[in-house]
Amino acid sequence: MRMMKITGAALVLMSSTAIVHADNVEVLHWWTSGGEAAALNVLKGDLEGQGVGWTDMPVAGGGGSDAMTVLRARVTAGDPPTAVQMLGFSIQDWAAEGALANLNGLAEEQGWADVVPAALQQFSTFEGNWVSAPVNVHSTNWVWANSAIMAELGLEQPGSWDEFVAAMEAAEAAGYTALAHGGQAWQDATIFDSMVMGVGGPDFYQAAMVDLDPEALGSEQMVEAFQRMETLRGFVDDNFSGRDWNLASAMVANGEALFQIMGDWAKGEFIAAGQTAGEEFQCFRVPGTEGTVTFNSDQFAMFNVTDDASMASQMAMASAVMSPEFQVAFNTVKGSVPARTDISDAEFDACGQLGMAQLADAAANGGLFGSMAHGHANNPSVQNAMYDVITAHFNGEFDAATAAEEMVTAVELAM
Ligand code: GAL
């Protein structure tokens, strides 16, 4: 029987015969942009300070699809990494396969159940057992705007879809790229989440993206969501295809583009470029989605390992991730907000404070929904089926009415 103990330094596992020290973690993740790497360094530094080494296993690609493909190959080869960045339903799938370590001992000792919000616990726990440690809460229905262009064009933050479109028209007329976007399936899906919410509101988002109700998927509202995607498509520049999201963020940061619709990891890029929320850049909710938050939470799941030193390292990492000090240090750099409800917003910038308040408000008022694009609304196979339709439509393969019909069929086949 093992006991866990947090010491001043690394966490150690004490078996009846020996004390085992944490030594090293191999971490699979997709945090490869400037802002993401800066945030990851906070975690690396924390663990190194405890004497736990770090073997890096980065797999580039926002949203993590490529990372999940690599993970599957590693596990199939019988060589899982010790810790893996994971989202929502993927965590549940791996837990159902029995691949994840049980973190209950640590979770109980540190009282995770009292501080991790229910919306995250539904992904961090499987059949009542803790299987992952949540690092953050990101929300995806944000617009990032260049303040200098806003001022030059006399623009206020738009309060409606029509005002949003008018602002983009003004930017285009002045020679700017109106909407910085990267044509990758997960980025198209990220903006689509907000179009669905903006057109249909919370009940519709729930019916279409979470409950996968065929009537909602094929409805007039879904057609309208696709029409809004066409409007957005009209405002991206000619070189959007395949562009990484952080390069789109850079277009806003360096004054080439007015807006980017993206999760708040984009803020990490502005911060890494030395900019300040409310000054060089600003944030507001995608018009039509105010009062709601579509979220995703990066979590670290620990794969089953057998040697005591690796297990001790996993517990050291999970413990570090859940510490209140780490949650502040990491999330102020990453652009996300804490995965614990007991953290003060004092250290967060204007967008972070707004994000924390809106998250709490949405959670209290039925406005908090998992992001489809980031694995928190439905399982990976449905998510990928939706990606295919959304991206094919964005690239002109279908008109809006056909795309809505395709959603019904694609989801039915994937379920
Ligand atoms: C998300 C992830 C974020 C951010 C983003 C872009 O899926 O949750 O932490 O890294 O992808 O890479």
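In the side chain of Trp 31, an N or O atom sits 2.9 Å from an oxygen atom of the ligand. Trp 30 also takes part, with a polar side-chain atom 3.2 Å from a ligand oxygen atom, and His 138 places a polar side-chain atom 3.4 Å from an oxygen atom of the ligand. A polar contact here is a pair of N or O atoms within 3.5 Å. Alone, the ligand would expose 300 Å², and the protein buries 100% of that (accessible areas by the Shrake-Rupley method, 1.4 Å probe).

Please keep in mind that this is a predicted model, with local features needing pLDDT of at least 70 and side-chain atom pairs counting only at pLDDT 80 or more. Residues are numbered from 1 along each chain, and side-chain values use heavy atoms, leaving out hydrogens and water.

## The shell around the ligand

Which residues are closest to the ligand? They are Glu 36, Asn 296, Asp 298, Lys 334 and His 374, out of 13 residues that surround the ligand (a heavy atom within 4 Å). By class, the shell has five nonpolar, five polar and three charged residues, with Gly counted as polar and Trp as nonpolar.

## Two domains

The protein is divided into domain 1 (4–136 + 298–350) and domain 2 (139–294 + 365–414), with bounds from an automatic or database domain assignment. The contact between them takes 21 residues from domain 1 and 20 residues from domain 2, where contact means heavy atoms within 4.5 Å. Both domains give residues to the ligand's shell, so the ligand lies between them.

Key:
A polar contact is a pair of N or O atoms within 3.5 Å; within protein, one must be able to donate a hydrogen and the other to accept it, and residues adjacent in sequence count only if both atoms are side-chain atoms.
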